Amino acid sequence: MRLPVICICLALIGCGPSLREIKDKVAEDALRQYEIVKEDGGNPIDLCVHAGLVAAAYLQAENSSKYSIWKSREAADCAKARVQNLRY
């Protein structure tokens, strides 16, 4: 009786998204939010903050190339906002 329950549980574990997929989705969501702020005419401080959130999401997703790109974008947006060297 326990064997079918164990088999069903093991089968269900493989059905959900992987941790990698979840982290990538979080990064995509952060990027989408940045784009919404930008399209809505967000002020420079909003863009600075959201660029930092996108960079942090790519760091969490362990995507070093996109992290580097977004750290540069954050620096540029923060310079426009006259915010220097945000350290978390």
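**Exercise 1. The start of helix 3**

Which residue caps the N-terminal end of helix 3, and through which atoms?

Solution. In this predicted model, the capping residue is asparagine 43. One of its side-chain oxygens lies 3.0 Å from the backbone nitrogen of isoleucine 45.

**Exercise 2. The length of helix 3**

What span should the 17 residues of helix 3 have at 1.5 Å a residue, and how far apart are its end C-alpha atoms?

Solution. Step one: helix 3 covers residues 44-60. Step two: the expected span is 1.5 Å times one less than the number of residues, so helix 3 should span 24 Å. Step three: the end C-alpha atoms are 24 Å apart, in agreement with that expectation.

**Exercise 3. The buried side of helix 3**

Which residues of helix 3 are buried, and against which helices do they pack?

Solution. Step one: the buried residues of helix 3 are Leu47, Cys48, His50, Ala51, Gly52, Val54, Ala55, Ala57 and Tyr58. Step two: the buried residues of this helix pack against helix 2 and helix 4. Just after helix 3, the backbone of glutamate 62 takes a positive phi of about 60°.

**Exercise 4. Two residues compared with the cut-offs**

Are glutamate 74 and valine 26 buried, partly exposed or exposed?

Solution. Step one: glutamate 74 is found in helix 4, residues 64-80. Its relative accessible area is 5%, and buried means under 20%, so glutamate 74 is buried. The side chain of glutamate 74 also makes a polar contact with the side chain of lysine 71, at 2.8 Å.

Step two: valine 26 has its place in helix 2, residues 19-39. Its relative accessibility is 47%; exposed means over 50% and buried under 20%, with partly exposed in between, so valine 26 counts as partly exposed. Together with Leu19 and Ile22, Val26 makes a nonpolar surface patch of about 280 Å².

**Exercise 5. The whole chain**

How many helices and strands does the chain have, and what share of its residues is buried?

Solution. Step one: the chain has four helices and zero strands, and from the N terminus on its elements run α-α-α-α. Step two: of the 88 residues, 23% count as buried. Step three: the chain exposes about 6,700 Å², with carbon and sulfur atoms supplying 61% of that area. Step four: among contacts in the chain with a separation of 6 or more, 52% are accounted for by residues 24 or more positions apart.

Conventions: Residues are numbered from 1 along each chain as its sequence is written. This is a predicted model: local features need pLDDT of at least 70, side-chain atom pairs count only at pLDDT 80 or more; totals for chains, interfaces and linings use all residues. Side-chain values use heavy atoms; hydrogens and water are left out. Helices (H or I, at least four residues) and strands (E, at least two) are DSSP runs, numbered from the N terminus. Buried means under 20% relative accessible area, exposed over 50%, partly exposed in between (1.4 Å probe, protein chains only). A polar contact is a pair of N or O atoms within 3.5 Å; within protein, one must be able to donate a hydrogen and the other to accept it, and residues adjacent in sequence count only if both atoms are side-chain atoms. Contact means heavy atoms within 4.5 Å. Accessible areas come from the Shrake-Rupley method with a 1.4 Å probe; for residues, only the protein chains shown count as cover. Patches are made of residues with over 30% relative accessible area and no salt bridge: like charges are joined within 9 Å, nonpolar side chains (Val, Leu, Ile, Met, Phe, Trp, Tyr) within 5 Å. A salt bridge is a side-chain nitrogen of Lys or Arg within 4 Å of a carboxyl oxygen of Asp or Glu.
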